[in-house]
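Work through these exercises with the structure open beside you. Try each task before you read its solution.

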2 protein chains.
Amino acid sequence: MRVPELIQKKRDGGEHDLADLRALVGGYTRGEVPDYQVAAWLMAVFLRGMTPAETALLTRVMAESGDMLDLSALGDTVDKHSTGGVGDKTSLVLGPMLAALGLTVAKMSGRGLAHTGGTIDKLESIPGWRDQLSDEEFTSQARRVGMALVGQSRNLAPADGLLYALRDVTATVDSVPLIASSIMSKKLAAGARTIVLDVKVGAGAFMRTPGDGERLARAMVEIGTHSGRRVRALLTDMDTPLGHMAGNSLEVIEAIDTLRGEGPRDLLDLCLALAEEALMAHGATREDAERRARAVIEDGSALGKFREFVAAQGGDASFVDDTARFDVAPGRAEITADRDGFVAGVDALSVGRAVLALGGGRERKGEAIDHGVGVELVRKPGEAVRAGETVARLYHRGRGVDRALDLVRTGLTFSETAPGVPPLVLGRVQ
Amino acid sequence: MRVPELIQKKRDGGEHDLADLRALVGGYTRGEVPDYQVAAWLMAVFLRGMTPAETALLTRVMAESGDMLDLSALGDTVDKHSTGGVGDKTSLVLGPMLAALGLTVAKMSGRGLAHTGGTIDKLESIPGWRDQLSDEEFTSQARRVGMALVGQSRNLAPADGLLYALRDVTATVDSVPLIASSIMSKKLAAGARTIVLDVKVGAGAFMRTPGDGERLARAMVEIGTHSGRRVRALLTDMDTPLGHMAGNSLEVIEAIDTLRGEGPRDLLDLCLALAEEALMAHGATREDAERRARAVIEDGSALGKFREFVAAQGGDASFVDDTARFDVAPGRAEITADRDGFVAGVDALSVGRAVLALGGGRERKGEAIDHGVGVELVRKPGEAVRAGETVARLYHRGRGVDRALDLVRTGLTFSETAPGVPPLVLGRVQ
């Protein structure tokens, strides 16, 4: 079938088969199909939709456009994916928890870009920690420790990058099958058999309402079902950054506090919920899963796994036991409340941009970052605050302070009466 | 507004204003907007549609992308457009009729490409006739004779050519607002105040059903209304070529026969109907229009105008009075009926391709053509034929005969019982 006929098929509401999608998306990745044809097809997909089976085939074609990691030697590895978030240090807590629970986390992770942070950047706050492991080191560490994390060295799902760039300039981003296939193509290529998804819902997320979030979660779980992976999703509130800290060293410190059982409630609750999903995906009952997830925090075994993981990848494990050793920027600037009242909301995007302004993130790939700067949300939504009290605090080295203060101020909203705060976990899809 | 936001507006069912369409279509014509963005927008237009006012604005932007002819010195000139047809020599008959009726036809006309013929090519069958006139000659001839026809020397609606090429490869051709704006942009740029449209409906046309044809006709009439032009449309049957002849000299001979009152019934009827629409657009009642249109054939004044027009553009007017002087190819090849029965249908496209095979058309712009070759449909749909009788005849010079015979044979269908033949004029839109 010629490409215009394939576009016409979707335009008229038809369902693509594997050959169609290989011709279109495979052809585009190989440079054989021009971008204007793919652009017209993307708009047809946007307006006509895709069936679950079709979305799964698209995801498969996108995954197969590059390297497909084979982690079968490690048995059933677990991967977690979040649809984006500022101050989201979940991976740093959840990974050691899963390892302590006897599961295996072996994954590639990215660096931060623009207002989003990256797990690799955060871990590099620990002197000596390195993101490069040979294949053999990676496998043997995952088997021994239960957790190994490397930088993105392989060419995973290149079709996704190409399609995303085209969607971005053709108003075809906000489509459930296209978002779901984009996320899941990389997860399928990355090799894990069990995937736990954290689908953020809220003003700052792709998915603005719980209904939209559920549709996306459902689409991703169905892709997993069609692809022989175990996939479960939580819908979580993303109107607010997780925990109190945003910025590389600050987030690692907060993650360690959480592993120690002394972290912020929202972060701990989310990590417990995600760990429970992973356990339930492996057959545990909810009660059993809840009990076991909590136990690895309480008995210190998750913290132990984190120490072991840091040391295995060359990091100075003494930082795990003494977080005062982290290089936190010495400058301070504070935002105080004008009057008595409550914090109503904190816009996550503004906080992410503030970290970027302070030098804690990068505008372009390859730029160096300052691991020690960041933002502390001293008061979180729903908390009362008195006039003159500190609401947020910057950790800086003089760079970008005014801009960061402006951004955080713009992102903060106050109310005179106690605001309703949505629950962290809004729903589950499996 | 940025281009992705304009695409999004149409994607979400919004209505564009003039500034939007200038940014998109004007930008594309100037090379400022890339084809992949326009492709996504075209698909959004295809699936979301356009309001009549919006379609009129798009048409205006397309018309204004190139030269806009100013025929105001000629008052209210009349143009006719057909949505394509094989053996369509209507312009050659209608033009002189309108001139004889006191109206003015002053237009640019095209050459044939692929299976469609061009009026300029047909007129060049008359020795000496030339399609190049200075602006002054063009205006003074139109004023004096009431009819002037020149080749397409100006850059009319270049946006249309660019958009059409993109639509062709992105499955966005069959959209009423896009077809209507494509046709009407060139008509608006060509300057006529009154436009009579012949919208072909049938298996061989863009519009397969009378309902589709009516939607297109309605869209074009509404563009005219929004643009200050008088526009009327006929829906006509296009399952069959008009008249008996296809090929350049053959069609001119048939047109002259028709002007003399001796031509085929379907061609005469269509020309009468189109002339009536032009008269009614200028205020005549139907009865008056019918009487006057018929009179210019019966009293020879339309034939006289054709003679005058040919001579004014350098042609040998003696050909008009003695059509035996035309150079018709001497070779003959015939298709006969296998058995007694009826001609059920003649596929116009096959006949057009047969003329092309014989050398009477061009595959690429600029190729020379043989004006003397062609196809005669001796029997038309609905007519009885006996075994062994001639159904179609080729006029050839040895080239492409077998291929042409195959094509015409494939295009002919027969039935044992008398087939229903649709009326020529299926509807009117004004």
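This is a predicted model: local features need pLDDT of at least 70, side-chain atom pairs count only at pLDDT 80 or more; totals for chains, interfaces and linings use all residues.

**Exercise 1. A sheet in chain B**

How many bridges join strand 8 of chain B to strand 10 of chain B, and in which sense do the two strands run?

- Step 1: Find strand 8 of chain B at residues 341–346. Two bridges join this strand to strand 10 of chain B, and the two run antiparallel.
- Step 2: Pick out a facing pair. B:Phe342 stands opposite B:Ala384, which belongs to strand 10 of chain B.

**Exercise 2. A sheet in chain A**

In what order do the four strands of the open sheet in chain A stand?

Solution. 
- Step 1: Check the confidence. Chain A averages a pLDDT of 93, and 98% of the residues score at least 70.
- Step 2: Read off the order, which is 6-9-11-7 (chain A), with antiparallel pairing.
- Step 3: Name the edges. Strand 6 (245–246) and strand 7 (331–336) of chain A each have a single partner strand, so one side of each lacks a neighbour in the sheet.
- Step 4: Inspect one pairing. Strand 6 of chain A pairs with strand 9 of chain A, residues 374–377, over two bridges. Here A:Met245 stands opposite A:Glu376 in strand 9 of chain A.
- Step 5: Helix 16 of chain A, residues 348–358, touches strand 6, strand 9 and strand 11 (390–396) of chain A. The direction of helix 16 makes about 145 degrees with that of strand 9 of chain A.

**Exercise 3. Salt bridges**

How many salt bridges does a search of the whole structure find over all chains?

Solution. 
- Step 1: The total is 75 salt bridges over all chains.
- Step 2: Take one example. A:Asp321 forms a salt bridge with A:Arg307, and the closest N and O atoms are 2.8 Å apart.
- Step 3: A:Asp321 sits in helix 15 (residues 318–321) of chain A, and A:Arg307 in helix 14 (residues 301–312) of chain A, 14 residues apart.
- Step 4: Now count between chain B and chain A.

**Exercise 4. Where the chains meet**

How much area do chain B and chain A bury between them?

Solution. 
- Step 1: The two chains bury about 1,700 Å², with 73% of it on carbon and sulfur atoms.
- Step 2: Find the main suppliers in chain B. B:Arg11, B:Tyr36 and B:Leu47 supply 35% of the area that chain B buries against chain A, more than any other three residues.
- Step 3: Count residues. The contact takes 20 from chain B and 20 from chain A.
- Step 4: Count polar contacts between the chains. There are four residue pairs.
- Step 5: Assign the helices. Helix 1 (3–11), helix 3 (35–48) and helix 8 (158–169) of chain B each supply at least two residues of the side that touches chain A. Helix 3 of chain B gives the most to that side, with ten residues.
- Step 6: Note the predictor's scores for the complex, an ipTM of 0.83 and a pTM of 0.85.

Note on methods. Residues are numbered from 1 along each chain as its sequence is written. Chains are lettered from A and ligands numbered from 1 in the order in which they are written. Side-chain values use heavy atoms; hydrogens and water are left out. Two strands pair if DSSP finds at least two bridges between them. pLDDT is the predictor's confidence in each residue, from 0 to 100. Contact means heavy atoms within 4.5 Å. Buried area is the accessible area (1.4 Å probe) that two parts lose on being put together, summed over both. A polar contact is a pair of N or O atoms within 3.5 Å; within protein, one must be able to donate a hydrogen and the other to accept it, and residues adjacent in sequence count only if both atoms are side-chain atoms. A salt bridge is a side-chain nitrogen of Lys or Arg within 4 Å of a carboxyl oxygen of Asp or Glu. Axes are lines fitted to C-alpha atoms, for helices over the stretch in contact, and angles run from 0 to 180 degrees between N-to-C directions.
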